[in-house]
Amino acid sequence: MAGRLRLLPRSLDPLEDESIHGYLLRLAHRFGAAPLEIAVRTGLVVPGRGRNGIPVRLLHDLDEQRLDAFARATRLTHDEARGLLTSPLGERYGPLNARLLAEFRTPTGMTHNNRWILTKATRYCPRCLSGDGTEIEERHGGRWHRSWRLPPVFACLRHQRPLLYGCPRCGQDINAARAGSLIARASEAGLHPAQCRATLPDTRAICGAGLAGAEADRLPHAPSVAAALLRLQHYFDRLLDPDGPKEVGSFGWLIPAAQYFIDLRALSALIFMTWPRPRELADTEALAVLVDREAEKRHAEFAKSRAEAEAGRRRQASHHYSDPAADPAVAGAVLGIAARLLSAPDENETHELMAPIIDGAKELNFSMSYQFRRLSGTSYPLQAILLTSRQDRGSFQRMGQRIENKGFSRVGQRAGGITG
């Protein structure tokens, strides 16, 4: 493939934490071409096979042949090209780590079956999309961050604001496209990278609303909500940083930072499933109200799914509770509760906090609760807590010894460990 491609006459240097989605949009805008044309010219898409757009799996990883072709055509090093992909984030973010999640071992499986990478809903910070004032970003816009594809990234620390989702004009997801396409309307040229690419309802017209102007640069929540989200985002960003701590506390035990995010994923499902039982753990009443609305919708969807399953029309679905929230503020609110649960210092306090959630999940649907309590890739300390009855005191006392026998240390016991 690489031998048949010619170098682009001009290229662009990648921006820090830029996604391949954003890089293709900026390259296309520089050449006045469609993103699909650039994807073909750079070896990402085979000529004649782009009827369905640009494959979503390219967001996460490229095989060596595609990586070599893309790097050569765009005049990037292999490291620069690989830095546009989400696969390197898996070292710190467990839901993208194939070593921890055996069911997602292929790039296609990782992007099509893994709901904890945002392939359809796209979050954004309008000030990031405006650029940093340099000439190149004035012309072609700022960066679409790779990290915006991760559910635990819901705020922009640089601009001290929650991220947005949805177009300020048409209300749809800004990259709304048919399934399987990384970029909506990928064969359309002429759009700026910071424009909504959604198709207007009942038409074939592109919305085209600006995402970086005054119309988009709004603060959708009260200052108290924004402050709570920013505090939590600072903590999560530290754990996602390649130079961040290798281990973090989970129910009083040190676990790998990457696995911590899988534990958050499991608790998020249980929180939605049993809401409003965990409501008092929300950081603010305003955040709790946001989760009230989301949970009400999810409970209704689950009830409908259960009725259809009982009627034999389809299988019972669990994604109504396990999917992360598309709304960044709701995602932050639920993950904040999950983080608070994981911060419990020992098994005794953990069981006091978790008992209402575990009992509520069992009452609603025992088999589904077990699925979430034994979710693939979660840490042994989390599984031990979720699967040990607090009434069985002997089992409860033996649990700590089993965790220690597995090689885990308590928070504060290991030199250099996290103590809070």
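Reader: How many helices and strands does the secondary structure of the chain come to?

Author: The chain has 16 helices and six strands. Helices (H or I, at least four residues) and strands (E, at least two) are DSSP runs, numbered from the N terminus. This is a predicted model, where local features need pLDDT of at least 70, side-chain atom pairs count only at pLDDT 80 or more, and totals for chains, interfaces and linings use all residues. Residues are numbered from 1 along each chain as its sequence is written, and side-chain values use heavy atoms, with hydrogens and water left out.

Reader: What percentage of the residues in the chain is buried?

Author: Buried means under 20% relative accessible area, exposed means over 50%, and partly exposed is in between (1.4 Å probe, protein chains only). Here, buried residues make up 54% of the 420 residues.

Reader: Which residues of α1 are buried?

Author: Helix α1 covers residues 20-31. Its buried residues are Ile20, His21, Gly22, Tyr23, Leu24, Leu25, Arg26, Leu27, Ala28 and Phe31. That is ten of the twelve, so α1 is largely enclosed by the rest of the structure. The cover includes α2 (35-41), α3 (64-74) and α7 (135-140). After α1 comes Gly32, with a positive phi near 65°.

Reader: What span should α1 have?

Author: The expected span of a helix is 1.5 Å times one less than its number of residues. For α1 that gives 16 Å, and its end C-alpha atoms are 16 Å apart, which agrees. Now take α9. It has 18 residues and reaches 26 Å from its first C-alpha to its last, close to the 26 Å expected. In α9, 18 of the 18 residues are buried, so this helix too is largely enclosed by the rest of the structure.

Reader: How are two packed helices described?

Author: By the angle between their axes and the distance between the axes. Axes are lines fitted to C-alpha atoms, for helices over the stretch in contact, and angles run from 0 to 180 degrees between N-to-C directions. Angles under 35 degrees count as roughly parallel, over 145 as roughly antiparallel, 65 to 115 as roughly perpendicular and the rest as oblique.

Reader: At what angle do the axes of α10 and α12 cross?

Author: At roughly 105°, and the axes of α10 (residues 285-310) and α12 (residues 328-342) come within 9 Å. That makes α10 roughly perpendicular to α12. Contact means heavy atoms within 4.5 Å. Leu287, Leu290, Val291 and Glu294 of α10 meet Ala329, Val330, Ala333 and Val334 of α12.

Reader: How far apart are the axes of α13 and α14?

Author: They are 5 Å apart, and α13 (residues 347-364) packs on α14 (residues 366-373) at about 135°. The two are therefore oblique to each other. Ile358, Ala361, Lys362 and Leu364 of α13 make the contact with Phe366, Ser369 and Arg373 of α14.

Reader: How many aromatic pairs does a search of the whole structure find?

Author: Ten. Rings of Phe, Tyr and Trp (its six-membered ring) pair if their centres lie within 6.5 Å; planes under 30 degrees apart count as stacked, over 60 as edge-to-face and the rest as tilted. Tyr235 and Tyr260 have ring centres 6.2 Å apart and planes at 90°, so the pair is edge-to-face. Tyr235 lies in α8 (residues 223-240) and Tyr260 in α9 (residues 257-274), so the pair ties together parts 25 residues apart in sequence.

Reader: Is Tyr260 buried or exposed?

Author: Tyr260 is buried, with a relative accessible area of 1%. Tyr235 is partly exposed, at 26%.
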